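Subject: Structure handover

Hello,

I am passing this structure on to you.

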Amino acid sequence: MTKDFGDRGRDGSESASFGFRRVAEEAKQGLVNQVFANVASRYDLMNDLMSGGLHRLWKDELIGWLAPPKGATPYRHLDVAGGTGDIAFRVLAQAGTGAKAVICDISAEMMEAGRTRPRGSDARLRFVQGNGEALPFADRSFDAYTVAFGMRNFTHLEAGIAEAFRVLRPGGRFLCLEFSAVEVPILDRLYDAYSFNAIPALGEIVAGDGGSYQYLVESIRRFPDQQSFARLIEAVGFERVSYRNLTGGIAAIHSAWRL
Ligand SMILES: C[S@@+](CC[C@H](N)C(=O)[O-])C[C@H]1O[C@@H](n2cnc3c(N)ncnc32)[C@H](O)[C@@H]1O
């Protein structure tokens, strides 16, 4: 699979992939931000429509694997690229009174959509605007780090994973839910046909923006497959790296520990 970062253009300048397009490295994040500013108000509805509700089961699976502590045990959770709050809300619903969660996202529009949801006013929750590649948090300040459908938007994937490692305390847990490589024959072709045809069309009808959904579909194909991603996680120092496929590999959850 093509690497998503650090490629050099013909003129020697660094370039990055924005979906299937090559763009100047410094331009990518602005384009990504435009996508999420455009779709923020329809983001949750589109997730349900595009996935037929499957994304909820995948997110529940991530929380099940995380198993946040119950009771009054202090627990500091960071959800990067947390957007409208699906992961952080679930963490706080499962964890006990000692839990605190931070949603850190680069998009003010996505977090605003999250704040206005019923669980967005939980006193244990904080929203912090920031870039997953340069997190505005101290070293070793969290017990767990999650990121769902966020890392494929990063310009420098390794930098994002290294930041996860930096902000976790030793013994801290990393979990990433992301679209991945379909490992079931026939399902891969059906999935391709569905995603390249239906999703941009649905995005146009529901969110008035087929182009943003075209990017989302293309960015999935540019992301490293399960094993390549596991190697990147190991390369920054994480241990006990493993992954679980969801729905034949349409998505996967990678788990790792900072020991
Ligand atoms: C597909 S949404 C996922 C939202 C949420 N995690 C979920 O699963 O529903 C991707 C999110 O990544 C955020 N994002 C993109 N680039 C980012 C970056 N460099 N740092 C932090 N967040 C970023 C976007 O603003 C957006 O909210």
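The notes below cover helix packing and then the ligand.

This is a predicted model, in which local features need pLDDT of at least 70 and side-chain atom pairs count only at pLDDT 80 or more, while totals for chains, interfaces and linings use all residues. Residues are numbered from 1 along each chain as its sequence is written, and side-chain values use heavy atoms, with hydrogens and water left out.

Helix packing

Helices here are DSSP runs (H or I, at least four residues), numbered from the N terminus. Axes are lines fitted to C-alpha atoms over the stretch in contact, and angles run from 0 to 180 degrees between N-to-C directions. Angles under 35 degrees count as roughly parallel, over 145 as roughly antiparallel, 65 to 115 as roughly perpendicular and the rest as oblique.

Helix α1 (residues 25-39) and helix α8 (residues 210-222) have axes that come within 9 Å and cross at roughly 125 degrees, which means that α1 is oblique to α8. On the α1 side, Val 32, Val 35, Phe 36, Asn 38 and Val 39 meet Ser 212, Tyr 213, Tyr 215 and Leu 216 of α8 (contact means heavy atoms within 4.5 Å). By class, this contact of α1 with α8 has seven nonpolar, two polar and no charged residues (Ala, Val, Leu, Ile, Met, Phe, Trp, Tyr, Cys and Pro count as nonpolar, Asp, Glu, Lys and Arg as charged, and the others, Gly among them, as polar).

Helix α7 (residues 187-207) also packs with α8, at an angle of about 155 degrees and with the axes 7 Å apart, so α7 is roughly antiparallel to α8. Residues in this contact include Tyr 191, Phe 196 and Ile 199 of α7 and Tyr 213, Val 217 and Ile 220 of α8. The contact of α7 with α8 divides into eight nonpolar, four polar and four charged residues.

For helix α2 (residues 43-51) and helix α3 (residues 54-66), the axes come within 7 Å and cross at roughly 100 degrees, so α2 is roughly perpendicular to α3. Asn 47, Asp 48 and Ser 51 of α2 make the contact with Leu 54, His 55, Arg 56 and Lys 59 of α3. Its classes are one nonpolar, three polar and three charged residues.

Ligand

There are 20 residues around the ligand, and Ala 81, Asp 105, Asn 131, Gly 132 and Ala 148 come nearest (a residue is near if one of its heavy atoms lies within 4 Å).

- Gln 29: a polar side-chain atom lies 3.0 Å from a ligand nitrogen atom.
- Ala 81: a polar backbone atom is 2.8 Å from a ligand nitrogen atom.
- Ala 148: a polar backbone atom is 2.9 Å from a ligand nitrogen atom.

Regards

Key. Helix = DSSP H or I, 4+ residues; strand = E, 2+ residues; numbered from the N terminus. Polar contact = N/O pair within 3.5 Å; in protein donor to acceptor, adjacent residues only side chain to side chain.
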